[in-house]
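Let's take a walk through this one together. Have a look at the chains first, and then we'll talk about where they meet.

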Amino acid sequence: MRSHTVAAEGGAAGVARADDTLAAHFDDTVRGGDWLSDQDVVEPFVAACTDEMVQLEQWGCPWSRQADGSIHVRFFGGMTAQRSWYAADKTGFHMLHTLFQTSLRFPSIERFDEYFCAELLVDDGEVCGVLAFAIASGEPVVLRAPAVILATGGAGRLFAQNTNAGIVTGEGMAMAYAHGVPLRDMEFVQWHPTALPGSGILITEGCRGEGGILTNRDGERYLENYGLGPAEPWPRPKAMELGPRDRLSQAFWHEDQAGRTVATPQGSAVHLDLRHLGEQRILERLPMITHIARHFVGVDPVTAPIPVRPAVHYTMGGIPTAFSGATELTGLFAAGECASTGIHGANRLGSNSLAEILVFGRNAGETAARWVRDGGDAGAGAGWQRSDHGSSERSARARSTVKLAEPAAERWLGLLRNDEGMRVAELREAMQQIMEHEVGIFRNGAGLQHACNELAELRERYRRGVRLDDRSRAFNTEWLSAIELGYALQLAEAMAASALARQESRGAHMRNDAFTERDDERFLVHTLAYSQGQGPPQIRHAPVTITSSLPQSRVYGAAAEQQTQQAQQVQEAHDQGPSVVAAGGSAAATGDIATGERATGERGETAGSREGAARE
Amino acid sequence: MSEPCGEIELQVQRYHPEHDAQPYWQTYHVPYSYDMSVLEGLQYVKDRLDGTLTFRWSCRMAICGTCGCMIDNQPALACHSFLRDFAPGPLRIAPLAHLPIVRDLVIDPSDFLEKMGRVQAYLQPQEARTPADGPYRQRPAAMAAYYDHAQCINCLLCYAACPQYDRDRSFIGPAALALAQRYNLDDRDGGRHARQPLLNSEEGVWGCTLVGSCSQVCPQGVDPARAINRNKLPSALDWLGSKLFRRRG
């Protein structure tokens, strides 16, 4: 009930209206991901979303409604249709608490609240459990399990300015990485364009969905100058303030460079203006934002614009999983932000991640349960250090799991005995500054190389020891943050090295050196970072699965509208190709794509009819 | 941190189970700025002055419910209280009242979690339904009936404020009772009769003495006092019904 899901404000995507289609959700996702999404995963994903929203509704989630009592869905950035299910501006909160409260119905679910998972235990290439510490006592605990699902969230805390909770430190990813599982597409980090300067507290995209606008110091709606305009009519989907997050954050960067941002004590900002919506609508639709703005920065959005700037928000990359939630390590599953399921590609669309946790959470849970039931492991069903009533084989297995855990526990407990080195906060802040400056919204080769060198140096310092004030065991949060920091430094290094190796600009990964353009010839591929222990990671690349939507130029605003129009004309001429609007979200046959491309050139829309039909 | 406004004195209650017989107060001096929360003050201490100071926190935006403590003797979220309102201090910060202390500002919430399960704070549908049946229709007025009570972030400020819980730890308490009522008032739910025996007991709604401090300290407007007292009428009717119709089932 404390997961960072609780803070998600905006919405969860699931096709719900007659004027929307699965194909449109597929297209928006693939386009939003700048064609780095695995389309064979996006397709079943979009098909599964809506049922999960309905399931939550039936468990009590108070989704916002229309006057007749049916579900109300709203627009979100990069989405062609109204498809975001929301619960006022507390969507994640209501989803999480609905699920948590529903879980209370099942006494068979045993929770280990406030156990800190420190390491995966892997025996002969198979996961056999985890080493955890009971936080209240600091005692090491071995949780034996033939299947482990990581649901540890992203790694936004690697950066100085982020919207994330204190727990979003990424060690789940790093635990898998340490056991040879590659981390995929780690260079793709999403900056949310509207966070409070300094604290990074999130101001939901829902504000823009309701019609909020962004202006620079001259009061100009500057997004018009970055291929997202024209400004009017407003609001309309996939244009201006409802463009995708990567483009909005990049536009801020340029405005800031040009000196057209507003100075605040916490750094430069632009204005998010809601005033024209009127007091009633602001209070009714955006109560949490009103509250946050009034209390945290002393601004009343009814009478004044809110200062906002981009902050790190979401980690697109992570542990590669199949649609089933399985990773390449036997017995290990992952779901949510720590996973790289392949749906987000180079840039996640808002409200796809809340849908993702439902769809892939279910998949991972069901697959793991099946794996255990089908006897995936001799110790199946065993978990917590219970006395072994089973076979001698099972107890031998248990002993070997505990043996695996001992050196790991000893290593982490060893941190408590160290007298020298930097303080945790000092080392963490050094890492966050490097990430902020060199692995930011825009990156370049020299900066990334510098980041790699600095991070290697920080890892070396960490190995030499961090100095803890607190040497005790009970609820020692300084010690736990030291464990997190060790993992975070490895992730930061994987991120910087992955970014350095991607010599192109795509989605959220933008370079301002020689590689300012997308390069499909060389980089329509996933990045895989493999841990090399103490050395820098090894970077390899792997193919992206494209089933139906070939890469096109990714345009928004008027250009996208033109693209859609052209594609529609092509489509009409084509007389409703047989498989274009496939109900299951499966997309156009190759022949249709080729036709679209020939007719409309670089701007060809693969399945324009879907988008056209879905537009309001 | 933005421009400092000055310095504030924090007095924080400390307690370590491995070596302290009793809690004690420790003083720290912290520079603060206009937008700095009490949580950020505590983080400043932890990062720069004393790594042993222990407290829970997570979201920083008053929605995860993790950082509740007594701030100037009032239960409050540390992330949602601002140093500017207490400067120059001394500002006293202590763990939430009425709950067992684990260490420093960290309390043990397990009593509440157990009670949440006991009151069956989850939807019990009137008839089985699957996603294939589609969502329920729920008109805005029907949603409004329970909506406020569904905003509980489980921060336990109301337990720290409740005089009845202070007197009697068996009292189910404000948040858990409000959550039970949240489902009782939901027109999708059919679980009221299953919840009622416990709600109707001495541990349940009748323990509430109508002081209302739970609703005053609630950071989310859940209004547990209203939820509890709205339940007293159905509880009374159930009681009356049970007396009149006991033999007829």
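A polar contact is a pair of N or O atoms within 3.5 Å, where, inside protein, one atom must be able to donate a hydrogen and the other to accept it. Keep in mind that what you're looking at is a predicted model. With that idea in hand, you can count 38 residue pairs in polar contact between chain B and chain A, both residues being at pLDDT 80 or more.

Which parts of chain B do the touching? The elements that give two or more residues to that side are α1 (38-49), β6 (101-103), α2 (110-118), α3 (140-147) and α6 (174-184) of chain B. Sort the residues on this side by class and you get 30 nonpolar, 16 polar and 18 charged ones.

Charges also meet across the boundary: there are 6 salt bridges between chain B and chain A. One of them joins Arg56(B) to Glu114(A), with the closest N and O atoms 2.7 Å apart.

Arg60(B), Met61(B) and Ile63(B) supply 13% of the area chain B buries against chain A, more than any other three residues.

Now hop over to chain A, where 3 strands make an open, antiparallel sheet in the order β1-β3-β2. Because β1 (12-13) and β2 (73-74) each have a single partner strand, they stand at the edges with one side lacking a neighbour in the sheet. β2(A) pairs with β3 (residues 84-85) of chain A over 2 bridges, and Arg74(A) sits opposite Ser84(A) in β3(A).

Methods: Residues are numbered from 1 along each chain as its sequence is written. Chains are lettered from A and ligands numbered from 1 in the order in which they are written. This is a predicted model: local features need pLDDT of at least 70, side-chain atom pairs count only at pLDDT 80 or more; totals for chains, interfaces and linings use all residues. Side-chain values use heavy atoms; hydrogens and water are left out. Buried area is the accessible area (1.4 Å probe) that two parts lose on being put together, summed over both. A salt bridge is a side-chain nitrogen of Lys or Arg within 4 Å of a carboxyl oxygen of Asp or Glu. A polar contact is a pair of N or O atoms within 3.5 Å; within protein, one must be able to donate a hydrogen and the other to accept it, and residues adjacent in sequence count only if both atoms are side-chain atoms. Helices (H or I, at least four residues) and strands (E, at least two) are DSSP runs, numbered from the N terminus. Ala, Val, Leu, Ile, Met, Phe, Trp, Tyr, Cys and Pro count as nonpolar, Asp, Glu, Lys and Arg as charged, and the others, Gly among them, as polar. Two strands pair if DSSP finds at least two bridges between them.
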